[in-house]
Amino acid sequence: MHAKSTDNVPDEADEEKDLVINDPWEGFNRKIHAFNDLFFRYLMKPVAQGWNFITPAFLRQGINNFFNWAYTPGRLVSNLLQAKLTGAGRETAQFVINGTVGMLGFYNASKEIFSLEQTNEDFDQVFGKWGIPEGPYIVWPFIGPYTVRGTFGFGGDVTFQPQTILVPVYIQPRTIWVDIGLIVGFYSARAVNRFSLDPDEYDNLIKDSIDPYVFIRDIYLQNTRKNVAD
Amino acid sequence: MFIYVKRAALGAALLFSVSVFAAGPQEIVKKAVSKVLHTLDSKKSKKEKRHIISEIYHNNFDLEKMASNTLKSDYKKLDNSQKKEFADKFGRFVLEFYLDKIDKYERNKIEFVGEEIKGSRATVMTLLEYQGKMAKVNYTMTQKGDQWLVYDFEVEGVRLSSTYRSQFAKVLKENEFEGLMGELNKLLAKYKK
């Protein structure tokens, strides 16, 4: 074991730019963050742990795969609106493969057999690619961190989710409450199932932070900017 | 929110794949990954594995550069003994962070995508399988003599230095250097539990 030279740390320490933070609503955001933290610890996590306990892992993974498959339309449109034709092709191919061989997406056949991955495109990336600025950082109750642009992106994503398009056809009369109920219901089910895959994930993440609010904000902003740049 | 928690948590899964020997940056990382994976797959005790990987880390990370790159302008305001103290403590934290994740290690697929060298700085680009998807993991390295050393890394756009920069700057502003050391001690204490 040998220590590296400490004598001459060059000024190029500043070669990477500081992360630009646009958080004018920090006071409000911190309150919502605190609420979300309690919501997660005392409701979301116990429910996810209960689901984890009563449901075998392969089934929870299958359900997660199903949601990822069913949300293909939003990713496909997001690829097309960014002129990402390769991504759109991948999404189309995996949708067909997983919808058939993968039994409506429960088995991720496209990845396991053909090494064909789903993309992670969404409407925030579409708007970013179109040059729309991200705006201030904002934390929403229940759904967590976004930027203003990301909030509108979330709206775009929801619009193309299958429950928004398909399910109300079978539930009449269709009202705004039916739509909201469906969106919240599917979002919650997906989130609980997703967290059940690793209920300690959030705690393990937060453990590494001094200020969890700043930690999550800076991670979110870096990740979302990278996704737009890709 | 859960999607971002997942993405962010990726960082935890990656550090074990880094250590460096004298050679070109990508080749170095490849060899190092192989050595670390070999250690993890061996029948050695957890304590022995921890010792070996700690040694690899200390031999191949540039802790001072990692410290200066994280604190940026604040680093220049510290005196030499504070710089050393911070570099040591932050280096210990990153190591503990990394070792903690080894418990959750699974044999995930790693692909080497390429390297980019600009003067004495290099980026090695890799893909690491995490929860069924391939995550982009880039290692930033600096050349010292004939050695390439890691001083920063990035997981799906989330950089170690940028992630801790704001938090450290806030503590330094409010509670000065002693406050920052106190916070790092608290973080380290979490790993002792």
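Begin at the N terminus of chain B and read along: the elements come in the order α-α-α-α-α-α-β-β-β-β-β-α. That gives chain B 7 helices and 5 strands. Keep in mind as you look around that this is a predicted model. Of the 193 residues in chain B, 43% are buried. Contacts also reach along the chain: among those between residues at least 6 apart in sequence, 53% join residues at least 24 apart.

Now turn to the strands. The 5 strands of chain B make an open sheet with antiparallel pairing, in the order E1-E2-E3-E4-E5. Strand E1 (110-118) and strand E5 (158-159) of chain B each have a single partner strand, so they stand at the edges, with one side of each left without a neighbour in the sheet. Further in, strand E3 (residues 133-144) and strand E4 (residues 147-155) of chain B pair in the antiparallel sense over 8 bridges. You can pick out one such pairing at Tyr139(B), whose bridge partner in E4(B) is Phe153(B).

A helix lies against this sheet: H2(B) packs on it, touching E1, strand E2 (121-130), E3 and E4 of chain B. The direction of H2(B) makes about 145 degrees with that of E1(B). H2(B) has 17 residues and spans 24 Å from its first C-alpha to its last, close to the 24 Å expected at 1.5 Å a residue.

Which residues of H2(B) are buried? They are Pro25(B), Gln26(B), Ile28(B), Val29(B), Ala32(B), Val36(B) and Thr39(B). These residues cover an arc of only 150 degrees around the axis, which puts them on the same side of H2(B).

Let us stop at His38(B), which sits in helix H2 (residues 25-41) of chain B. His38(B) counts as exposed because it has 10 C-beta neighbours inside 10 Å, and the cut-off for exposed is 12 or fewer.

Technical notes: Residues are numbered from 1 along each chain as its sequence is written. Chains are lettered from A and ligands numbered from 1 in the order in which they are written. This is a predicted model: local features need pLDDT of at least 70, side-chain atom pairs count only at pLDDT 80 or more; totals for chains, interfaces and linings use all residues. Helices (H or I, at least four residues) and strands (E, at least two) are DSSP runs, numbered from the N terminus. A residue is buried if 20 or more other C-beta atoms lie within 10 Å of its own, exposed if 12 or fewer, and partly exposed in between; C-beta atoms are placed from the backbone. Two strands pair if DSSP finds at least two bridges between them. Two residues are in contact if their C-beta atoms, placed from the backbone, lie within 7 Å. Axes are lines fitted to C-alpha atoms, for helices over the stretch in contact, and angles run from 0 to 180 degrees between N-to-C directions. The expected span of a helix is 1.5 Å times one less than its number of residues. The arc is that of the directions from the helix axis to the C-beta atoms.
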